[in-house]
Amino acid sequence: MKKSKKFLSLLLVVAMIFSLAVPVFAEGETAKTASLVTDYTTLATGDQVVIYNAKGGVALDTFETKNYYNAGAAVTPADGKLADVPDNLIWTLTKNDDGTFYIAQGDKKLSMDTQFASTPANKLHDKWSVIAQENGTCYIKNEGRNVYLEWFANQKSFSGYARIDDGKEGLFQMSLYKLDTATPDPEPG
């Protein structure tokens with residue numbers, strides 16, 4: 001009897017340690033994952049995406065920034081996926097009739113009008129084209145200013161005020177990762 005109590009106590013301790021090692025989510029909350037977009041023509045209104053630049057190893061962050069720069073956030077895709085995507089990297093697309101997109105988080109749109117990062121909605125210069133490249137990446141072009149989203153290596157940040165220069169194409173080549181449909185976590189046993 002004593003041996004079985006000790007065994008059960010040990011088992012309980014092991015179970016408690018294991019439970020601390022497992023990520024805990026609030027009720028109904030799930031870890032967000034995103035998959036690499038391979039066909040940009042399938043992008044539609046309501047799609048939530050992460051904008052990623054492989055040259056810098058960073059994703060465009062939705063935090064407010066100043067001076068037209070956005071430091072981005074380091075991310076590491078694996079096998080065409082991003083795991084545990086934080087909310088500040090998620091942008092929502094709205095497709096316009098002309099094929100361009102509004103790229104926003106909440107009521108703030110990515111804009112080239114007054115500030116690079118997110119600015120209040122209904123500003124000028126907030127229409128973006130997603131232009132597919134043969135290597136599977138895309139260029140994200142601001143139609144109002146005729147410039148492209150880039151990873152500005154010298155500043156270690158994103159900057160939208162740029163035209164593509166020979167030899168620097170990688171700084172402009174983005175990949176989009178679309179949020180996967182959420183699957184609820186199983187109930188704890």
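Two residues are in contact, or touch, when they have heavy atoms within 4.5 Å of each other. Keep that in mind as we walk through this predicted model, in which local features need pLDDT of at least 70, side-chain atom pairs count only at pLDDT 80 or more, and totals for chains, interfaces and linings use all residues. Residues are numbered from 1 along each chain as its sequence is written, and side-chain values use heavy atoms, with hydrogens and water left out.

Let's begin with Ile-140. Not counting residues up to four places away in sequence, Ile-140 touches Ile-51, Ile-103, Trp-128, Ser-129, Val-147, Tyr-148, Leu-149, Met-174 and Leu-176. A second, separate core of 12 residues includes Ala-34, Ile-90, Tyr-177 and Leu-179. Here a nonpolar core is a set of buried Ala, Val, Leu, Ile, Met, Phe, Trp, Tyr and Cys residues joined through side-chain atoms within 4.5 Å. Buried means under 20% relative accessible area, exposed over 50%, and partly exposed in between, with a 1.4 Å probe and protein chains only.

The largest nonpolar core has 27 residues, and Ile-140 is one of those touching the most other members, along with Leu-43, Ile-51, Ile-103, Leu-149 and Leu-176. Strand 12 gives this core its largest share, 3 residues. Strands (E, at least two residues) and helices (H or I, at least four) are DSSP runs, numbered from the N terminus.

How is strand 12 placed? It is largely enclosed by the rest of the structure, because 5 of its 5 residues are buried. In a regular strand the side chains alternate between the two faces of the sheet. Both faces of strand 12 are covered, with Cys-138, Ile-140 and Asn-142 buried on one side and Tyr-139 and Lys-141 buried on the other.

Now for the partners of strand 12. Strands pair if DSSP finds at least two bridges between them. Strand 11 (residues 128-132) runs antiparallel to strand 12, with 5 bridges, and Ser-129 has Lys-141 as its bridge partner. The hairpin of these two strands has 5 residues between them, and there Gly-136 takes a positive phi near 95°. Strand 13 is also antiparallel to strand 12, joined by 2 bridges, and Asn-142 is partnered with Val-147.

Finally, compare two other residues. Ser-175, in strand 16, counts as buried because its relative accessibility is 11%. Thr-41 lies in the loop between strand 1 (34-36) and strand 2, and is exposed, with a relative accessible area of 64%.
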